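This report goes through the fold of one protein chain, from overall figures to single side chains. The sequence and the model come first.

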Amino acid sequence: MSDDEQLASKTEKLSVGEKKMTKKDAKKAAKKAAFDNEVRAMGGKVDGDVQEDPDERERLGGGIGAGAELGDQFTVSTQARDRTGRQQDQHDNELDIKVENFDIQAQGRQLFSKADLIISHGRRYGLVGPNGMGKTTLLKHIGARKLPIPKTIDLLYCEQEIAVDATSAIDTVVKSDKHRLKLLEEQDALTKKLEEGDTSTELTERIQEVADELRDIGADAAEPKARRILAGLGFSVDMQEKAVQDFSGGWRMRISLARALFLEPTLLMLDEPTNHLDLNAVIWLDHYLQGWKKTLLIVSHDQGFLDNVCTDIIQLHDQKLFYYKGNYTLYKKMWEQKLSEHAKNFDTQKKQLTALKKVGGKSSKQAEEELKNRAAIKQNKQQKGKKTHGMGDEDDAPPPELIQKIKEYQVKFDFPEPDKLPPPVLGLHGVSFSYGKEVLFENVDFGVDMDSRIAIVGPNGVGKSTILKLLMGKIQPTSGELRKHRQLRIGWFDQHANEALNGEMTPIEYLIFKFQIDPQVARKSLGTTGLPGASHTVKIKDLSGGQKSRVALAELSLGSPDILILDEPTNNLDIESIDALACAIEDFGGGVVMVTHDERLVRKTECQLWIVEDKVYGTPVIKKALWKLTETLMTIRRRFSRPSEKRCNRWKTNYLMIGSLGVIIEAIDNAKTRLFSL
């Protein structure tokens, strides 16, 4: 019986006691159920799904690790281990995590199969792998304690959003420490009893115990610590007192990140922490996490960030987890070496199979069995040569299998070669812009030609995305004008893909409607960007962030643009996709203007940096000096990731104290000669 028939059968059974469904209605219901299951498997929600109240969950004892919301679509199984009472107590008090042979499924789709999770206390791990393979799912399962995690380990999975209310940013961070608040409340209640005349020994002893515990956890330093973290993430003193409900989504995510850093759990899990951070905030977070003393598990697309922060890399591949010592660059070298060795072994096996079929006259199946038997004999000899301890066959290796070819994850973006347009192509002339009384820009002159490669940087909130919208003509300047070539075609990528795309359409429908193309052409374009075939017919609103970005990039390519205007194009993309995007931009024959916090993308595409600061754009003089800034910035970060180089300490401190990109230029120019002589 097919899946559709099984669903139809279940639907008919559920209709007992109600009006009997026709066969046609049952098939419709089965198709809808299949679609809903697919949406749930991808992390989405459908009408009728009940969302758990986080306050109720916390009241019921969810604790710090209960922030990871999981739907009913997931099933988890782990290897059962018989432990004595003493062994169980020892496990519960461990700070290391070791979960063996676990499986995770989402509506029948296998995400993890016989995988092992091994995390050592005090290490900083980067979890890497293609989009959609289950990295975030694993973090959420750990955070929700769906896997057997020792009870003494307090977990925190940094959620993307926080409660939106009138609480100030600083209070939201400080009050997140529930234990400290409980002790302060108890101290106030005990002090009140003492003032009312209760002088019992029990009361005075408890007051002393609470005071000692508050001192031990550094309760008095909580607010200064929270303010330092918020300042590092870009919050001014006035912004720290501002209500959470008055911040945009990007700034609320920063508050959520600040809260996670403030709490310092035993295991902190961060999912794409650099998204929506400007360059200053990324550099600060990079340095802050390098000094993290507890355990850290990060999912990030920023290779430079992973190189500087991580001590270990966990690779999600083929539904299993593989572990590598060192940062991301070292992992890539070891993985490429592993692929090379595997390819050689596969070629040797292929030659052996060919020889058995040609010379020995065996069929393909017989040749494969012959190789398996040879491998089994070799394995038995190796096992006999080893000293065995204990009884039983628990340590017996599984029967050998033939080497399978590794299917490498490949993504390719391609932008059609445009016709060369003579300058001027696109420019702002004497443009000023303001929101109400707030002036963002004054008298800006900014031009883009077919050979331009420009990356716009600056703190959040100064108007980087606004400049892009002015260039696109999406908003009109207060004064001045936008001039563009009459034949110019602009390709626009919005960082908020969920707003820019039609969420009620599927990717196939959206591309066909917009470009009037054949469905097969649309499918090919989506497949090239790495969007799985099963997602081509799912509504865009139900896709993940990375999948929406792929639809937006397919739309860019089909539009045959002359100039690309990209607003945070790397958000939600995995590292391989960012590399593919960099290659596509490098090969593109038109102009490129982008806002990005990804330094590797800027470096690979050889973009000139332009700064938005103090209501003015970077002048040509600044523009000329900024490429030196990029190269020097990379050198600084590489040198500072080596603690043994004590001579860098003074430069490191001075650099991190710089809060303005404009000041960075002057400081680096003055320090350049001495810096490179270290």
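A residue is called buried when its relative accessible area is under 20%, exposed when it is over 50%, and partly exposed in between, with a 1.4 Å probe and protein chains only. By that rule, buried residues make up 44% of the 678 residues in the protein. The model is predicted, so local features need pLDDT of at least 70 and side-chain atom pairs count only at pLDDT 80 or more, while totals for chains, interfaces and linings use all residues. Residues are numbered from 1 along each chain as its sequence is written, and side-chain values use heavy atoms, with hydrogens and water left out.

**Overall make-up**

Helices (H or I, at least four residues) and strands (E, at least two) are DSSP runs, numbered from the N terminus. The protein has 25 helices and 18 strands. Contact means heavy atoms within 4.5 Å. Of the contacts between residues at least 6 apart in sequence, 70% join residues at least 24 apart. A disulfide would be a pair of cysteine sulfur atoms within 2.5 Å; a search of the whole structure finds zero disulfides.

Two strands pair if DSSP finds at least two bridges between them. Six strands form an open sheet with mixed pairing, in the order 5-6-7-4-8-9. Its edge strands, each pairing on one side only, are strand 5 (155-157) and strand 9 (320-325). Angles run from 0 to 180 degrees between N-to-C directions of axes, which are lines fitted to C-alpha atoms, for helices over the stretch in contact. With direction ignored, neighbouring strands of this sheet are turned by 20° against each other on average.

Strand 4 (residues 124-128) and strand 8 (residues 312-317) are paired in the parallel sense over four bridges. Within strand 8, Ile314 stands opposite Leu127.

Two helices lie across strands of the sheet. Helix 5 (residues 135-143) lies across strand 4, strand 5, strand 6 (267-271), strand 7 (295-299), strand 8 and strand 9, and runs at about 150° to strand 6. Helix 14 (residues 328-358) lies across strand 4, strand 8 and strand 9, at about 115° to strand 9.

**Helix 9**

The buried residues of helix 9 (residues 222-232) are Ala222, Lys225, Ala226, Ile229, Leu230 and Gly232. They lie on the same side of helix 9 because they cover an arc of only 160° around the axis, the arc being that of the directions from the helix axis to the C-beta atoms. Their packing partners are helix 6 (169-174), helix 7 (178-195), helix 10 (237-240), helix 11 (249-263) and helix 12 (279-290). Gly234 follows helix 9 and has a positive phi, near 105°.

**Single residues**

His301 is in the loop between strand 7 and helix 13 (303-309). Its side chain makes a polar contact of 2.8 Å with the side chain of Glu272. A polar contact is a pair of N or O atoms within 3.5 Å; within protein, one must be able to donate a hydrogen and the other to accept it, and residues adjacent in sequence count only if both atoms are side-chain atoms.

Gln547 belongs to helix 20 (residues 545-558). Gln547 and Asn131 are 416 residues apart in sequence, yet 8.1 Å apart in space, C-alpha to C-alpha. Ala376, in helix 15 (residues 364-384), is 24 residues from Pro400 in sequence and 6.0 Å from Pro400 in space, C-alpha to C-alpha.

| Residue | Relative accessibility | Class |
|---|---|---|
| Cys158 | 9% | buried |
| Cys607 | 0% | buried |
| His301 | 1% | buried |
| Gln547 | 12% | buried |
| Ala376 | 23% | partly exposed |
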